[in-house]
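Let's take a friendly walk through some aromatic rings and their surroundings. Have the sequence and the 3D view ready as you read.

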Amino acid sequence: MEFIDLKAQYQASREAIGHRIQSVLDHGQYIMGPEVAELEERLADYTGARHCITVASGTEALLIALMALGVEPGDEVITTPFSFIATAEVIVLLGATPVFADIDPATCNIDAGQIEALVTPRTRAIMPVSLYGQPADMDEINAIAARHGLPVIEDAAQSFGANYHGRKSCNLSTIGCTSFFPSKPLGCYGDGGALFTSDDVLARAAREIRVHGQSRRYVHTRLGVGGRMDTLQCAIVLAKLERFEWELAQRQRAGAAYDALLSGRVRLVGRHRDRSSALAQYTVVLDERERVQATLHARGIPTAVHYPVPMHQQPAYARLAGGPPCPVAVEMAAKVMSLPMGPYLDDAGARQVAEALLAAAGGSLPAAAQAAPLPGAALPASP
Ligand SMILES: *Cc1c(COP(=O)(O)O)cnc(C)c1O
């Protein structure tokens, strides 16, 4: 069994991907070729944001977003400590300080109720992460930001395709950033990413920063980076978009299969009913994670931990971070474990994983559950 079955996904889109790649090789415009603008237009349409700017990776998207907003040394950016390191890394690279607010133990997303107390005169942005594919509490976060005149960057690296109150992830705040890392819900076959915004000034800034701050050839109006996404990777995403809605639906099916088998028997990272998750990960919360994980691995079932150490406790960041100690993030880092997931995980596969998990975690699947699906792990709509 694969943790995320990229081979099956490739086989399903093999022909479309082949055609798209061949067409790039034929026209030969490897940098900023026509597929770049075509993809940007398609993704802007999909999310509803006015602008999409493709960039070299999800990390680059976050960095360019902060640069476009003018984040400088001495500034503070409020974010979550429970994410991939890139979220805090780009803040520190600009000489700013990540100020970590603790997370909600039910969802592992930033606890919006803890943000406002951390706003200071130096705060320049709020950067929530839509972890495991589930949008953070963006309404509450946008309201706090509006009270203080701050922009909000959604780190939507894991949540492309998710819905929140009638809108798409990446179009829920000032700027949304996503990643096309191969294992993300919409992946390419290398590195890639994109920024989304409906602000014309920020979009222009991001486009210039992406190409070394150029406003015209060899005129460098601002500081920039080498941050383009190459044409071949854009072509691959275009090909994979054809099956994306189907794949999202299949992720929902696999997630519902897990919910039915595990809900009430194992603690789950919850999903609010007022939004959909792109289900980049399906994650459980275990007291004896190391033992359960070793048992599953011995049975050939791969699992992963996202993330074993919260960012404020990482050696390179402990000294740099601001904010409170974030005990919930510390606890969840010790307990979370993600199960095999993806559009090509069938119900039999989900059952095999769930049964092994329940056996290893000390429970077992009651006979009734084998027939009748149980209600899912849904949380009520957030207040
Ligand atoms: C994957 C990821 C990133 C970085 O994306 P890359 O394309 O790998 O640079 C940033 N933030 C989060 C939450 C991620 O999961």
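Tyr307 counts as buried because its relative accessibility is 14%; buried means under 20% relative accessible area, exposed over 50% and partly exposed in between, using a 1.4 Å probe and protein chains only. Phe84, at 44%, counts as partly exposed. This is a predicted model, in which local features need pLDDT of at least 70 and side-chain atom pairs count only at pLDDT 80 or more, while totals for chains, interfaces and linings use all residues. Residues are numbered from 1 along each chain as its sequence is written, and side-chain values use heavy atoms, leaving out hydrogens and water.

How many aromatic pairs does the structure hold? There are 8 aromatic pairs. Rings of Phe, Tyr and Trp (its six-membered ring) pair if their centres lie within 6.5 Å; planes under 30 degrees apart count as stacked, over 60 as edge-to-face and the rest as tilted.

Tyr46 sits in helix 2 (residues 34–47), and Phe160 in the loop between strand 5 (153–155) and strand 6 (163–164), 114 residues apart. Here helices (H or I, at least four residues) and strands (E, at least two) are DSSP runs, numbered from the N terminus. Phe160 counts as buried because its relative accessibility is 2%.

Now back to Phe84 and Tyr307: their ring centres are 6.3 Å apart and their planes are at 40 degrees, so this pair is tilted.

Finally, ring pairs link Tyr46, Phe160, Phe196 and Phe244 into a cluster.
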